[in-house]
Amino acid sequence: MLRKERIDAMQHYINEVRTASMKELEDKFSIAPSTLRRDLANLIDAGTVKKVYGGVTATFNRAKPNALTIYSERQLSAPSEKRQIGRAAAQLIEPDDLIFIDSGTTTAEMGAYLPSEFSFTLVTNNLEIINKAAPLGNIKLVIIGMNFDRRTQSFTGIDNMNIFSRFNIGKAFMAATGISITRGLSNSEYNEYLIKSEIFKKAHQKILLIDHTKFDRVSLLTYGTLKDIDAIITYGDIAPKYVDFLAENDVQLINAQTGSIVSESADK
């Protein structure tokens, strides 16, 4: 591949995934770190990408200057899948549970299916979930995060990360930008990463909600390993290598399309 062709392909890839780590780009294009830095310098000078911690991110399209379009575009990706995944996840909420619902467009779909017939406590930084839960008198709603991020429609910014030690979270419903057997669960926003990683360490059960577009994708920051989650809720069939890996590591796999449990997990 000629250098110009590689740079054009790199630009297209970064536009597609929004944010990419240096290691991800090195592996994707099979180039040395020094070559990657020279290629990225061209894109940075052109103003089409910018540096972020550990990688680069695509700059906003001038035709779409409002950062909120990022969240809106993500909502348009596999909307039917996300809706079914959200409904399946909400069915796992039980009386007197203390749960966490992560930021993200897939986890946001749980909002329409939150139980109203019994009491439980909900900790979240997801604006969509907050708006759905606020009218429901059976839910004790705890909101975390001081700063609102329009790009992700979530609240971030925690003064003291020890706050998470106060929450005895039974079930954490997590989201991720990418999922990989070797690189784990990843996302691209550093402030969200801080919250995700703390919740991942504290929660008794970790349940990942993820649609088919996220498999074999790696984003900037890894907040947890795949083998350490308790269940995955997805839609449709996934690659056999994931089915095998989840079964070997006692991770429950739930197919929201059929409502079936593809693999059972032992109590971790």
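I began at A172, whose bridge partner in β12 is K206. This is a predicted model, so I kept to its rules: local features need pLDDT of at least 70, side-chain atom pairs count only at pLDDT 80 or more, and totals for chains, interfaces and linings use all residues. Residues are numbered from 1 along each chain as its sequence is written, and side-chain values use heavy atoms, with hydrogens and water left out.

**Strand β9**

Two strands pair if DSSP finds at least two bridges between them. β9 and β12 (residues 205-209) pair in the parallel sense over four bridges. β4 (residues 98-101) also pairs with β9 in the parallel sense, over three bridges, and I found I101 opposite F173.

Which way do the side chains of β9 (residues 171-174) point? K171 and F173 go one way, A172 and M174 the other, and all are buried (under 20% relative accessible area; exposed is over 50%, partly exposed in between, with a 1.4 Å probe and protein chains only).

**K214**

Next I visited K214, in the loop between β12 and β13 (221-224). Is K214 buried or exposed? It is buried, with a relative accessible area of 14%. Leaving aside residues up to four places away in sequence, K214 touches A176, T177, G178 and I179 (contact means heavy atoms within 4.5 Å).

**Helix α5**

Last, I checked α5 (residues 79-90): its twelve residues should span 16 Å, and its end C-alpha atoms are 17 Å apart, which agrees. The expected span is 1.5 Å times one less than the number of residues. Among the buried residues of α5 I noted E81, K82, I85 and G86.

Methods. Helices (H or I, at least four residues) and strands (E, at least two) are DSSP runs, numbered from the N terminus.
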